[in-house]
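Please look over the sequence and the structure shown here before reading on.

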Amino acid sequence: LKANSPRDRSHYTSPSRSNMCGICSSKDGEGGCNWLCAMICTYLLPPLGIYWRFGCGWEFWLCLLLTILGYFPGLIFACIMVGFMPTESEVQQDTRDIAVTF
């Protein structure tokens, strides 16, 4: 086969398997395995779970302050953030998906 033949797919870049299955962990805190690890870390030490999922932003510092004031306020905040709030890359992906559909 020639390099430019239609059957040559060496130039084709397929999406990574982590983006295809949604279960495996991928970059920037997305993915099911990453979410599960963040929830386990959240239960053990709430700021650690926030750091795992979102990095060292305002979420981490607020969770650290709440945890210093009491374990349960930090735990409740961390569970809500990890469980329900999307990461920045998930928000950007959703924005791109909406832009493509219109």
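## The chain as a whole

The model is predicted. The protein chain has 6 helices and 0 strands, and along the sequence its elements follow the pattern α-α-α-α-α-α. Of its 102 residues, 28% count as buried. Among the contacts in the protein chain with a separation of 6 or more, 43% are accounted for by residues 24 or more positions apart.

## Helices α2 and α5

Helix α2 covers residues 32-44 and helix α5 covers residues 71-84; their axes come within 9 Å and cross at roughly 170°. The pair is therefore roughly antiparallel, since an angle over 145 degrees is counted in that way. On the side of α2, the contact is made by W35, A38, M39, T42, Y43 and L44, and on the side of α5 by Y71, L75, A78, C79, V82 and G83. Sorted by class, this contact of α2 with α5 has 10 nonpolar residues, 2 polar residues and no charged residues.

Helix α2 also holds N34. N34 counts as buried because its relative accessibility is 8%, and the cut-off for buried is under 20%. The side chain of N34 makes a polar contact with the side chain of W52, at 2.3 Å.

Helix α3 spans residues 46-54, and its buried residues are P46, P47, G49, I50, R53 and F54. Seen down the axis of α3, these buried residues fall within an arc of 160°, so they line one face of the helix. Just after α3, G55 takes a positive phi of about 90°.

Helix α4 comprises residues 58-69. The helices α3 and α4 pack at an angle of about 175°, and their axes are 8 Å apart. The angle makes α3 roughly antiparallel to α4. In this pair, P46, P47, I50, Y51 and F54 of α3 meet E59, F60, C63, L64 and T67 of α4. The residues of the contact of α3 with α4 divide into 8 nonpolar, 1 polar and 1 charged.

| Residue | Relative accessibility | Class |
|---|---|---|
| T67 | 17% | buried |
| F77 | 15% | buried |
| L62 | 33% | partly exposed |
| Y51 | 46% | partly exposed |

T67 is found in helix α4. Leaving aside neighbours within four places in sequence, T67 is in contact with P46, P47 and G74. Both P46 and P47 are among the buried residues of α3.

F77 lies in helix α5. Not counting residues up to four places away in sequence, F77 touches W58, E59, L62, C63 and L66. The C-alpha atoms of F77 and T67 are separated by 9.2 Å, and these two residues are 10 residues apart along the chain.

L62, one of the residues touched by F77, has its place in helix α4. L62 is partly exposed, with a relative accessible area of 33%.

Y51 has its place in helix α3. Leaving aside its neighbours within four places in sequence, Y51 is in contact with C56 and F60. F60 is one of the residues of α4 that meet α3. The C-alpha atoms of Y51 and W61, 10 residues apart along the chain, are separated by 9.3 Å.

Two roughly antiparallel arrangements have been described: α2 with α5, and α3 with α4. The contact of α2 with α5 has no charged residues, whereas the contact of α3 with α4 includes 1 charged residue.

Note on methods:
Residues are numbered from 1 along each chain as its sequence is written. This is a predicted model: local features need pLDDT of at least 70, side-chain atom pairs count only at pLDDT 80 or more; totals for chains, interfaces and linings use all residues. Side-chain values use heavy atoms; hydrogens and water are left out. Axes are lines fitted to C-alpha atoms, for helices over the stretch in contact, and angles run from 0 to 180 degrees between N-to-C directions. Helices (H or I, at least four residues) and strands (E, at least two) are DSSP runs, numbered from the N terminus. Angles under 35 degrees count as roughly parallel, over 145 as roughly antiparallel, 65 to 115 as roughly perpendicular and the rest as oblique. Contact means heavy atoms within 4.5 Å. Ala, Val, Leu, Ile, Met, Phe, Trp, Tyr, Cys and Pro count as nonpolar, Asp, Glu, Lys and Arg as charged, and the others, Gly among them, as polar. Buried means under 20% relative accessible area, exposed over 50%, partly exposed in between (1.4 Å probe, protein chains only). A polar contact is a pair of N or O atoms within 3.5 Å; within protein, one must be able to donate a hydrogen and the other to accept it, and residues adjacent in sequence count only if both atoms are side-chain atoms. The arc is that of the directions from the helix axis to the C-beta atoms.
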